[in-house]
Every structure is written in structure tokens, then in C-alpha cells.
2 protein chains.
Amino acid sequence: MARPNNDNFLRALLREPVDHTPVWLMRQAGRYLPEYNETRRRAGNFLNLCKSPTLACEVTLQPLARYKLDAAILFSDILTIPDAMGLGLYFAEGEGPKFERPLREEWAIRDLSVPDPYDHLRYVMDAVVEIRRALDNSVPLIGFSGSPFTLACYMVEGGSSSDHRAIKTMLYERPDLLHHILDINAQAVTAYLNAQIESGVQAVQIFDTWGGSLSHRAFREFSLAYIQRIVSGLHKTWDGERIPCIVFTKGGGQWLDAMAEIGCDALGLDWTTSLGEARRRVGHKVALQGNLDPMALFASPDAIVAEATRVLEDYASGAPMDAPAGSPMTGHVFNLGHGISQFTPPEHVNALIEAVHAFRA
Amino acid sequence: MARPNNDNFLRALLREPVDHTPVWLMRQAGRYLPEYNETRRRAGNFLNLCKSPTLACEVTLQPLARYKLDAAILFSDILTIPDAMGLGLYFAEGEGPKFERPLREEWAIRDLSVPDPYDHLRYVMDAVVEIRRALDNSVPLIGFSGSPFTLACYMVEGGSSSDHRAIKTMLYERPDLLHHILDINAQAVTAYLNAQIESGVQAVQIFDTWGGSLSHRAFREFSLAYIQRIVSGLHKTWDGERIPCIVFTKGGGQWLDAMAEIGCDALGLDWTTSLGEARRRVGHKVALQGNLDPMALFASPDAIVAEATRVLEDYASGAPMDAPAGSPMTGHVFNLGHGISQFTPPEHVNALIEAVHAFRA
């Protein structure tokens, strides 16, 4: 296996020199694109779309046909693992994901087991193979999973929650039960991401969407510790190539020092953290990904370019004093600080990508 | 005017020695109390409750009858100011606050003016006078307001919002318009809080509920700068007593250093920040308020006591090395990291308050 023709994304994650700052967007294959909505309509519903390798491949490639993105990301849902565990994932119209059988009873928690990714999650691996074939080594393919705590939030709450009352009651009252769920989830995510790597993904990202809702102490015990276990268990190389791992905790800006110690290659940041300050704190240990406010894409192209340039300059400002010439951009993957909004005007994304590629520190 | 009989709350804010760590709870007069729901039912609706000084006084005192709280907080709504500006506040059942006339047009923004707190907001001042009389100098009364940016969120969005799309589009595309709104809001909040002080409140808190949704740069420009203007314009003393000011930005833990410079007496923290670390960073400049996760109150009393003790010990751990004996608790007001949940079992609150009062570092 060789590196893709455009490997700036992988090089940035490994803090090697780059031709330009690479860029991809969380949720880049999504509802803001009319062609995505058309494919989804054909699929009948969102779960069919996720579970059809051919359609998942089709939507994965859609944003790359429109924009000069430096990476593709596997189109899938964050909740495939608990679905494979038998919790019965479904989508109520306009309400987000739900589970038919949320984890509310101790017996159900004790009954959980790690799904074989080549059995219940075969459709994901098939999609990876199909996407890699279609990409034809143009750009790298990113695999992903939710973090153990983020998966547990949905599994215990039974869907989205504004206060995470059910899982936090468990956390404070029965931490042993939550640790049991997280232990199973960590094993499941490790096996799932390793199967994605074996199937062809060239980097992985762990989405810790809800870790930021925890107290500073609980974050370390109930989220970060399990992410660390996954990172230690992942294939570090496959077919002779390094497989970098990105960890993104939404709202995790206060905890970067701890996060930079767990052995991952890069940290994703939301827009509340200065990339320059983060680089000064942890840039000698990890690459950084982020962090434009997705709402900036609702402004005019000129304003978008100005705001993107501020993000790029902020990162460059954190370069070490003794850095060699040309290195201010090294170690930065440009992204939004969260998924792109479904209401984003698609033509605004072009302005962003061009600004990132044109930037020189 | 003399200090109240129990002035531990005021002393903690001014970093003077205390008998015990004082405690109050954000939203302590609220829906988790059956007596509150009964008064609200009698009022007919929430706005009537806010606008009746007698009923507002009644619910302000309810939690103090149940619990040994160290402060009362004026019962009112965060959106009284935009209501007084003529935006037409109303509450749709189960949907939170809404405005009949959100700020969507430039002419409406240019038309905004600062309401006279003794005219349109007279009912709030009357409530303050009535509550002070009823408290009979037992504990201090806290006044409050939303921050200029937090008020603007509701004024521009027209209600609650999960992504703040409307106000952020304005922020990135027409920052001049947003600055105009914030300028008017800052003047209005200053006049409103000063009128509360003149009417009898003994400390004030600025609730910057949505400042944490901003980027690190936008927070300084669009939220903190206006809070600073308010703090500079507040009465520092009234009737010979210092009037301390607390600033609480939910999600502001990364920005404490900047926040500690604006001249307020205390910063409120949510549960994502370690009080010990915060004290080491800014404890020589400001007192700190917080920061138990409100969801901890759903655990058993034993677990609540354990978690509250961890918060108290965390604060004590940040004491300077050269601190005199007995000082580890100085400068801490115990609180939740956010408002108490309406689903909290009221009897659990007793366990919390007793644990805080019994604590000795």
C-alpha cells in the first residue's frame, strides 16, 4: 500500500512538512448538499443509507466531487456499535437517533457483549472497501467511531438528551455499572476501528461528542481513560503505513494537556480554544485539527475568508521560536469546530477551501 | 445599612474570613419545589409571577424556609430588559421564552433604546424592596441580570436556539449591528443593576449563559468587553457597604485569566473547571463560586455528600502555600455549576447544604 497522491492530510497529522494546510469538514457528506438529500430520498431513510455500502460510498464521494477536500470520511452513523449490540437503533422524524431498548436495567447492562465487526458491522467494512476502490488513491479515507462515553450517553438515555440526567445519575450513583458499559464499549470500538483499518481506512477519528458535558474529574475517569485504552489497542501501522489517530472532544479545550498524553497523533478542537495557545501547550506532542465556528459559513464569502485566515494565523502564531523556515503551518489540519450545519449554503464552502489552500504563513 | 446577620456570603465574595463556606443554588426558587409550583399556579402564568412583587417575594423566600441557605436571590426572569424594550416577551407552553418582535431588521435595531428601570421595570424594584423587608436582615439578597450578549441571543433569535445561527450570522456578517445592540444592552443592564442596588440588593450576578458558545476571540469582543463596561459602571458601594459583583459565563473556564481582569469580585464556574486550578490561576484577584454538577443531586444523599466534599477539597487544594491557618476555605461560595434541575428531589438539597456547612479544610 502506498500513500495517496494527495497525502497532505496524513503528513499534517504526523507533523511532517506539507504543501498546503489540508482541510476536510466534519459531516462534509450531509444534508447541506442537495445531491446528498437526493441519494437519501432514494435510500428511503437514513439507516438504509448507512447500511448500503454502495449508497454510503456514493455520498462519501459527493463532497469531493464539489470541493478540493484533502480527505474523505467514511459515511456512517455514530451509533452503529450499539445497534450491532442489539439496542434497536431507529430515527424518529425530526427527533434524532433513538433506541428501542435503552440500558435501564442492571441485567441488560450485564448482558451487553462486544459485537464482531466482521459480522454485525460487515456493511461498514464493505463500504470502506468500496470507497477505497472509488477513491483510487486520490486522497486518504478517514474511519471513525463514537467514544465509549458518547455511545453510552445514547445507550443509557435512549436518544439525545439536553441534561444527560439518566447517565449522570448512573455515574454518580452506580459508577460500577457505567464502568461496565464503558469497558464493553471500549473493546467494541477498538475492534471496530481495527476492522476499519484492516479494510482500508488510512486514519481514524474518535468523536467524543459528549465528553465535554462531564466534570473535569469525571471526564478523566469516564471518558478519557477509555479513549486511551482504545488508542493503545489500535493498529499503529497497516500494510507498512502509519495510521494516525485523531481524538475530538467537543468542549475539551480545558483538558488538552491530559488529552495530549494518551498516545493519539492529533487532537480536534472546537472554536472556543485558541489554536495558537493550544499549539504552544501541546503542539510538540500532537497535531491539531480545527477550528472554525461552523456558523461563520453563514456570512458572505469575504467574511468567511477573513475568519478562516484568522484561524490559520492563530495556529501559525503558536509556532516555536526556533522553528525552521516554512514550518509555521506544520501539524495543522483545518476543519470546523463541529459538524457543518445542514442549512449551510453549499457555495460558501468553496470560498473556505480556497482560502485555506491559498494560505501561506 | 448594616450587613445581614449571616454575612458569610458577602465575606466570601470579598475574600474575608468566613465561619463556614456559604452556599446558595442558582434557580433555588424554582420548579423542583412543590410550593413554588403552587404559587405559580395561583399566579396563572410565569410572567404574572415575575411581575407581581408580592408573589415574586413569596417564591424568593420559599427555599430559605426549607434550607439553611446563605443568600436569597431575587426571583425574576432573565429577559425583563428586552421585554421592557418592547420586544413582547411571552412563554409558549413547554418551549421556553419567546419574543413577538425579534430583532431581524436594521431599523428595529437602530430603534432600540435603554428602558428606564424605575418606569418599565418598576415591578422588579418593588419586589426587591418587599423581599428586603421580609428577609429582615437575615441573609443577603442577590440581584441579577443577563449579560448583554446573552440578552442579544434571545432578542435576535426570538427565543432559545441550539446553534445561535441568527445572531452568529449577524456577528460574522454585520458586526456593527450586533455591537449596536450590545452597546444598548450594556447601558440597560448597568442602569437596571444600579436600580436594584439602590432598591436594596446587596450583591449582583451577571449571567452570561451563552458567552460560552462564542469563539475565544468573539467572546472577548462581543461578550466580555460589554460585561466589563457594566462592571465599571456599577455602584461599588451603597449606603456605606461594598456591593460585590459576580460574573458567571457558562463554558468560560478557558477564559478565566481574561475574566479575572475586568474588575468584578468573583467568577462563577461550571463543573468542567477544577476550582483548585482556577484558584491557583486567579484566586489572588477574585473569589470563586461553584461548581457541583447539578446532576449529582440525582444520586443518593451519601453520594451527594461525597461529591460536594470533592468540590470543597478541590477549592482548598488551590490555597497558596504561604496562606495563614484557617484560610483554605476563604474566597469560595459553594453553588451548582448551573441552575438546579426541575426534576431534583427537594430532600436531596438538605444533604448538600449540610455537607457544605460542616466542611472544614
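## Helix H4 against helix H7 in chain B

In this predicted model, helix H4 of chain B contributes B:Pro53, B:Thr54, B:Ala56, B:Cys57, B:Thr60 and B:Leu61 to a contact with helix H7 of chain B, where B:Tyr123, B:Asp126, B:Ala127, B:Glu130, B:Ile131 and B:Ala134 meet them.

The axes of H4(B) and H7(B) come within 8 Å and cross at roughly 45°. The two helices are therefore oblique to each other, and their crossing is right-handed.

On the H2(B) side the contact involves B:Glu35, B:Tyr36, B:Thr39 and B:Ala43, and on the H4(B) side B:Leu55, B:Glu58, B:Val59 and B:Gln62. Four residues of this contact are nonpolar, two are polar and two are charged.

Helix H7 (residues 122-135) of chain B packs in turn with helix H10 (residues 175-199) of chain B: their axes come within 9 Å and cross at roughly 30°. That angle makes H7(B) roughly parallel to H10(B), and H7(B) passes H10(B) in a right-handed crossing. B:Val124, B:Met125, B:Val128 and B:Val129 of H7(B) make the contact with B:Ala195, B:Gln196 and B:Ser199 of H10(B). Five of these contact residues are nonpolar and two are polar, with no charged residue.

## The sheet of chain A and the helices across it

In chain A, seven strands form an open sheet with parallel pairing, in the order E1-E4-E5-E8-E9-E10-E11. Strand E1 (72-73) and strand E11 (332-336) of chain A stand at the edges; each has a single partner strand, so one side of each is left without a neighbour in the sheet. The pairing of strand E10 (residues 287-292) of chain A with E11(A) is parallel and runs over five bridges. Within it, A:Gln289 has A:Val333 in E11(A) as its bridge partner.

Two helices of chain A lie across strands of this chain. Helix H10 (residues 175-199) of chain A lies across strand E4 (141-146) and strand E5 (203-208) of chain A, running at about 170° to E4(A). Helix H14 (residues 301-317) of chain A lies across E10 and E11 of chain A, at about 155° to E10(A).

## The contact between the chains

Chain B and chain A each give 29 residues to their contact. On the side of chain B, the elements that give two or more residues are helix H9 (165-173), helix H11 (216-233) and helix H14 (301-317). H9(B) supplies the largest share, five residues. The chain B side as a whole divides into eight nonpolar, 13 polar and eight charged residues.

Notes
Residues are numbered from 1 along each chain as its sequence is written. Chains are lettered from A and ligands numbered from 1 in the order in which they are written. This is a predicted model: local features need pLDDT of at least 70, side-chain atom pairs count only at pLDDT 80 or more; totals for chains, interfaces and linings use all residues. Two residues are in contact if their C-beta atoms, placed from the backbone, lie within 7 Å. Helices (H or I, at least four residues) and strands (E, at least two) are DSSP runs, numbered from the N terminus. Ala, Val, Leu, Ile, Met, Phe, Trp, Tyr, Cys and Pro count as nonpolar, Asp, Glu, Lys and Arg as charged, and the others, Gly among them, as polar. Two strands pair if DSSP finds at least two bridges between them. Axes are lines fitted to C-alpha atoms, for helices over the stretch in contact, and angles run from 0 to 180 degrees between N-to-C directions. Angles under 35 degrees count as roughly parallel, over 145 as roughly antiparallel, 65 to 115 as roughly perpendicular and the rest as oblique. A crossing is left-handed if the near helix is turned anticlockwise from the far one by less than a right angle, and right-handed if clockwise.
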